Amino acid sequence: MFKRSHLASAVILAMASQLAYAQQEDNNENQAEQPVEVIEVSGIRGSLNKALNLKRQNLQIVDAIVAEDIGKFPDNNVVEALQRVTGIQVTDRGQGEVSTVTIRGLTDVTTTVNGRNIFTASGRAVALADVPAALLETVEVFKTRSASQIGSGIAGQINIETQRPFNFEGEKVVVAARGIHQEQADKTDPSVSALLSNRWDTKHGEFGALVNVSYTRTNYRDQSITPGAMVPFMTNNPAEGFGQLERIFLDDARVSESPIWQAGLEQGLPYQAGSTLDINGVPTEYYLSRDAIFASDLTGERERPAANISFQWAPNDRSEYLFEAFYNGFRNESFNSLLFNFTDWWGNVDDTNPPLLFEGTNIIKERYVDSPYAFNSGDLSVGQTDSYVFALGGNWIINDDLTLESEVIYQKSKFESEFFAMRTDRTAPGLYVDFNDKDGVPALEMMDNPDTEIDESDLTDPRIWNTAELYDNGNENEGDSLTFKIDGEYFVDEFGFERINFGARWDKREVSEADRLLTTAYRAPLSEFDPGLTHVNSNFFDGQADFPDSWAVANGYYIYNNRSEIRNIYGYDNSSENLVIRKNFEIEETTTALYLQGDYSFQLGDKLVDGQVGLRWEDADRDMDFIPDAGETSSASGGTSTILPTFVVRYHLTDDLLARFAYTETIRRPNFVQLNSNIVYNEDLTNVGYGTANGGNPDLEPVESQNLDISLEYYFGEGNSIYATWFRRDIEGFVFDSVNVVRRDSPETGEEETYILSQPDNSSNGVLTGWELGAVYFPDYLPDALDGFGVQASATLLDSEQDLPNFGPEGEIESYTQRDMFGVSDTSYSVVAIYEKDNFDMRLSYVWRDDFLNNYEAALFANPRGVYRRPEQSVDFQMSYDVNEHLTVTLDGTNLTEETYQSYYQYPYTHNFGNALYSRTFALGVRYTM
């Protein structure tokens, strides 16, 4: 059923851009009288055609993905599908999927479902991977923003559209099931979905009802090997008062000016051969080496149930009412088997086994370590999220010129998690380590003491391990919101304007976070416990590293399932007040927004020019209560008002060639947890010589971005296009953590300890510029056997800079360093080869992105602070075959080349860091439609 306003909008767009919805036709003066055709998109080429039409018709700069068929989104999840969209980069592959989306290198993405801003618990956003692909019809990526859209998200906005009953002519039933095999986990899991929809004509108008449900289970295994941070050591010719290869600590009074932690050392301590430190007033050569080497073998199971219910009622052709409920859940239970060996203890106390350096540097590549301390940890994490969105609204044609639409939305989301971990430790006879054995992957060999009957090099023997610390933590994060919005559309014919849109939005958001933290210790040989408490992994890193392939840890599942007994062994009972979840902050935020925008068009010679101009005002007021572990509750309040202008011009150079210009402004509000002023102190758990502390800042301001976009788009043939966009983002007030040294009495020892305190501040600015290039092309001159072959390709070229502050010991800004923006690859591209013929279609895609600055390491060590990710790539494959008009069989594969994802400290050859091995997946599925 078409509403008056939608039909009029469709006609205006058709006349303005001179295209029909499904295919190009010759325009004529009677086009406005032609019926609007309802198109059912089918197959890869059909979905690409519709996505291009969405891009072409929208006044904003938009890219989109459309489901190939009902219930068939092109990937396992939304994030994997988005990686082929121009300007999109994805990262953080793990736990069987890719999880993080960036638009033009920026991670601050606002996500909406059917135009409604959604969130998880106490956060401002929702994890896109938590939204099942089976529920989706369309995903739109807005690179620019109209005044009618929410102003947050400096990267852009991703809007997800779900199915509704009036999308179909009558009854619709779709049932799909897939078996997804995770190769490293060696498990095959189900992914099932069902859609039931119908509509009825009655004497009270037309009714429609739709139910769409989805369930996905994923078993996964992620494996990583990481050399620790760099720290300085004495050489074999130490300064007075030091031993050979003794570690040099931050707070050692014999070291002038605390060389590790000081402003200006974001590049790390010098690593050229012969570099010196001032020790006891004497220039003294030093070595740089790693403080540890550790490995993680993470296994787990994740479940995602989801459902969408939609009811539509059109009592007449001038009004329509809608009720929708959307639920998405998350269940995760993961077990991390951690192996951790220190490599900074005493060793090489004579000259018989000297360390091996990287040539021309003072960096130790290989070394023997005598009697190093080591610990393992069996960590079990359990998490659960339940999020609900309820919406009730309607739209009304008041008269031939005015349409109103209004909606009331209520959301509630809660995240609960528990972390239960038991450490085991020992002092080993010795180890030999190569910190960079195979292009960044370390090697490790454990030594045996021949004078004992136990083989200490056998890490699977529980007799070499003793129980140590126990960590028993829990979290509860909650959030809800009540939103009212009203939007109007008024058709005019004055001063070149065709329609005016206006509206208001009021939102009241309440969030809270609560936790409990407990650490205690108990020492006993691991072998004295029930054998079920010991877990031994196998085939670690798939044989791709010269590294132990198995070791013993406390079985996370056992200790969690028997946690009452374990707590008693560690000396506290289950009624202890330490097990009570305590709130640490509550925030209430009220946001009010008003907007006014107009769509205009006029003739410039024989060319059509149209566009949009708008203004949005947003005001946010917060009341905050912070509840520390000890002391009185503190309160704070704050608020900001922002005016966000929008100006868009679209110039129709020819019927098929469009140019656009857009100036917009967007903001990013601080995350609620960043506003929490409580300071949490973390003890020195890994013996680095100092603890860490972190807290929030209730005075944080929104990050503001001024945006320019200029694009040129050429549409030709049937569903073919080539386009380019230049853009610039001037961003003020990036949140960056200040750091300073604080000292306080440790609650564990009662003695004064040193901590490095981090707190966020709007202390950084940046500029991002770049190009987006894209094309979709299906040749029409190929021989019959190749007819149906096509290519979808895109590239993003970025140039970024950000001013990062350097802080003195008291937390004051002493200077700035100019670096690349975090998460921004200079170059990324994707190429998709498509073949569609009769009942068969397939797609082979290759995605690549350049290395990028991922994060800044804590200011605790001697390595450069910048942690970079090496170039990343992925090869994926999808294929489907229509057995008949109702039944389709699908075959999919992701990460086919089974990439090792790596990181490094600024200098890739000498300063290697993380190495992570993630699984390939293969899926076989069927889909039935009627």
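## About the model

Because this is a predicted model, local features need pLDDT of at least 70 and side-chain atom pairs count only at pLDDT 80 or more, while totals for chains, interfaces and linings use all residues. Residues are numbered from 1 along each chain as its sequence is written, and side-chain values use heavy atoms, leaving out hydrogens and water.

## An open sheet and its helix

Let's start with a sheet. Five strands make up an open sheet with mixed pairing, in the order E1-E6-E7-E4-E5. At its edges are E1 (62-66) and E5 (116-117), each of which pairs on one side only. Strands (E, at least two residues) and helices (H or I, at least four) are DSSP runs numbered from the N terminus, and two strands pair if DSSP finds at least two bridges between them.

E1 joins E6 (residues 136-142) in the antiparallel sense, over five bridges. Within this pairing, Ile 65 is found opposite Val 139 of E6. Helix H2 (residues 43-57) lies across both E1 and E6, and runs at about 155 degrees to E1. For such angles, axes are lines fitted to C-alpha atoms, for helices over the stretch in contact (heavy atoms within 4.5 Å), and the values run from 0 to 180 degrees between N-to-C directions.

## A strand enclosed by the structure

Next comes E11 (residues 230-234), where five of the five residues are buried, so the strand is largely enclosed by the rest of the structure. Here, buried means under 20% relative accessible area, exposed means over 50%, and partly exposed lies in between (1.4 Å probe, protein chains only). Met 230, Pro 232 and Met 234 point one way from E11, with Val 231 and Phe 233 pointing the other way.

E11 pairs with E13 (residues 282-290) over five bridges, in the antiparallel sense. One of the E13 residues, Tyr 287, is the bridge partner of Phe 233.

## Salt bridges, buried and partly exposed

The whole structure has 44 salt bridges, each a side-chain nitrogen of Lys or Arg within 4 Å of a carboxyl oxygen of Asp or Glu. Asp 130 and Arg 304 form one, with their closest N and O atoms 2.8 Å apart. This pair links distant parts of the chain, 174 residues apart: Asp 130 is in the loop between E5 and E6, and Arg 304 is in E14 (residues 292-316). Both partners are buried, Asp 130 with a relative accessible area of 10% and Arg 304 with 9%.

Arg 221 and Asp 297 also meet in a salt bridge, at 2.7 Å from N to O. Arg 221 lies in E10 and Asp 297 in E14, so this pair ties together parts that are 76 residues apart in sequence. Arg 221 and Asp 297 are both buried. Lys 414 and Glu 416 form a further salt bridge, at 3.8 Å; Lys 414 is partly exposed at 29% relative accessibility, and Glu 416 is partly exposed at 31%.

## A buried Asp without a partner

Asp 222 is in E10 (residues 205-227). Asp 222 is buried but has no salt bridge, and the nearest side chain of opposite charge, Arg 302, is 7.5 Å away. For charge, Lys and Arg count as positive and Asp and Glu as negative, with His and the chain ends not counted. Leaving aside neighbours within four places in sequence, the contacts of Asp 222 include Gly 94, Ser 296, Asp 297 and Tyr 918.
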